[in-house]
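Subject: Structure handover

Hello,

Here is the structure we talked about. Please open it first, then read the notes below.

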Amino acid sequence: MKIIRAKDYYDMSRKAANIISAQVIMKPNAVLGLATGGTPVGTYKQLIEWYNKGDIDFSSVTTINLDEYRGLPRDHEQSYWYFMHENFFNFVNVQEENIFVPDGANPDSEAACKAYDQVIHKAGGIDLQLLGIGTDGHIGFNEPGSAFELETHCVDLTDETIKSNQRFFGEGEEVPKQAYTMGIKTIMQARKVLMVANGEDKAEILKKAFEGPVTPAVQASILQMHPDFTLVADEAALSLLDL
Ligand code: GLP
C-alpha cells in the first residue's frame, strides 16, 4: 500500500482528484467506483472545477457507487443517489445512463443485490474505487465482522454508523437501519483502490486498519492485501501511524 500525506483537507481533496483525473485521462471510458460521506465531497468539488476548465471529460465514464440505504427511493434527499447528484453528477458530463447506485427502493434485497453485481460484471469490473472510512473501519457499508467473501449484500447498520450518519438527516428524521452495499470481495476486485481520510476522528481507525492485523473486525484492514491501494490522508488523520 502507498500512503500519501496531505497537509489538510483541501490538499487531500486535490491529491485524490489528481489521481482520479489521471485515471480518466489514461482511460476515458474508465469505470469509477464512487463513495459518499463527507470526506470525498472536496474531491468531487475539485473534479467539477477541472471539468469546468475543460481539463477533464466524463462523457465516456461509467460510475458505480458503493452503497445505498435500503428503503430510500432515488428522489429522497438523504438517498445516496440524491447525494451524488447534488455533489457531483449534476455538475459534470457523466451520462445519466452510465450512473449506477444500488436500488434502495427495491425491497427484495436478494434481487437488488444480484442485479447490482450484474451491473459491475457487465461493466467489466471497477478500474478505480474511491473509498472513505467509517470510524469503526467500515468501507462502503461493510460493518465489523462481515465476511470478506461477500459481493453486494444487504447489511444491518451498526448503532455507531447510524449515530455518525445522523448528522446528514434532519432533526427527528430516522436514519435507515439497513443498506445495500458492495461487499469486500467486490471492492478487492477493483483494479485500483483510493481511500481518502481526514481529521483526528479518523486517526485511531487508520492506525488499526493499516498498522494492525488484517481482520474482519476492521473491514478496511483487508486493503493491506490489495495490490494497488493508495491512502491519501491529512496530517491529523495520520497522526497516530508510525509510518
Ligand atoms: C458512510 C458511507 C461510507 C463512508 C462513511 C464515512 O457510512 N457508507 O462509504 O466512508 O460514511 O463518512 P465520512 O466521510 O462522512 O466520515
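Which helices and strand each supply at least two residues of the lining of the largest pocket? They are strand 4 (67-69), helix 3 (80-87) and helix 5 (159-165). Helices (H or I, at least four residues) and strands (E, at least two) are DSSP runs, numbered from the N terminus.

Two notes on the basis. This is a predicted model, so local features need pLDDT of at least 70 and side-chain atom pairs count only at pLDDT 80 or more, while totals for chains, interfaces and linings use all residues. Residues are numbered from 1 along each chain as its sequence is written, and side-chain values use heavy atoms, with hydrogens and water left out.

**The pocket**

The largest pocket has a volume of about 550 Å³. A pocket is an open set of points on a 1 Å grid over the protein atoms alone, where a 1.4 Å probe fits, with protein on both sides within 12 Å along at least five of seven lines. Its volume is the space filled by probe spheres set on the points, which are joined across faces, edges and corners.

The lining holds 31 residues. Lining residues have an atom within 4 Å of a point. Gly 37, Gly 38, Asn 165, Arg 167 and Phe 168 lie nearest the centre. By class, 12 lining residues are nonpolar, 14 polar and five charged. Here Ala, Val, Leu, Ile, Met, Phe, Trp, Tyr, Cys and Pro count as nonpolar, Asp, Glu, Lys and Arg as charged, and the others, Gly among them, as polar.

**Salt bridges**

Side chains of opposite charge can pair when their charged atoms come close. The rule used for a salt bridge is a side-chain nitrogen of Lys or Arg within 4 Å of a carboxyl oxygen of Asp or Glu. The count comes to seven.

One of them joins Lys 27 and Asp 127, at 2.9 Å from N to O. Lys 27 sits in the loop between helix 1 (9-26) and strand 2 (31-34), and Asp 127 in the loop between helix 4 (109-122) and strand 6 (128-131), so the pair ties together parts that are 100 residues apart in sequence. Lys 27 is partly exposed, at 29% relative accessible area. Asp 127 is buried, at 5%. Buried means under 20% relative accessible area, exposed over 50%, and partly exposed in between (1.4 Å probe, protein chains only).

Lys 207 and Glu 211 form another salt bridge, with the closest N and O atoms 2.9 Å apart. Both lie in helix 7 (residues 203-211), four residues apart, about one turn of the helix. Lys 207 is partly exposed at 26%, and Glu 211 is partly exposed at 32%. There is also a network: salt bridges that share partners join Lys 27, Asp 127 and Arg 191.

Lys 177 pairs with Glu 174 in a salt bridge, with the closest N and O atoms at 3.2 Å. Lys 177 is partly exposed at 48%, whereas Glu 174 is exposed at 62%.

**Aromatic rings**

The structure holds 10 aromatic pairs. Rings of Phe, Tyr and Trp (its six-membered ring) pair if their centres lie within 6.5 Å; planes under 30 degrees apart count as stacked, over 60 as edge-to-face and the rest as tilted.

Why is the pair of Tyr 44 and Phe 88 called stacked? The ring centres are 4.9 Å apart and the planes are at 25°, so the pair is stacked. Tyr 44 lies in helix 2 (residues 41-52) and Phe 88 in the loop between helix 3 and strand 5 (99-100), 44 residues apart. Both Tyr 44 and Phe 88 are buried.

Tyr 69 and Tyr 80 make a tilted pair, 4.9 Å centre to centre with 45° between the planes. Tyr 69 is in strand 4 and Tyr 80 in helix 3, 11 residues apart. Tyr 69 and Tyr 80 are both buried.

One aromatic cluster consists of Tyr 44, Tyr 51, Phe 58, Phe 88 and Phe 89.

**Other spots to look at**

Arg 5 is in strand 1 (residues 2-6). Arg 5 and Leu 231 are 226 residues apart in sequence, but 8.4 Å apart in space, C-alpha to C-alpha.

Leu 243 lies in the segment after helix 8 (235-238). Its phi is near 50°, a positive value in a residue other than glycine. Leu 243 is exposed, at 54% relative accessibility.

Best wishes
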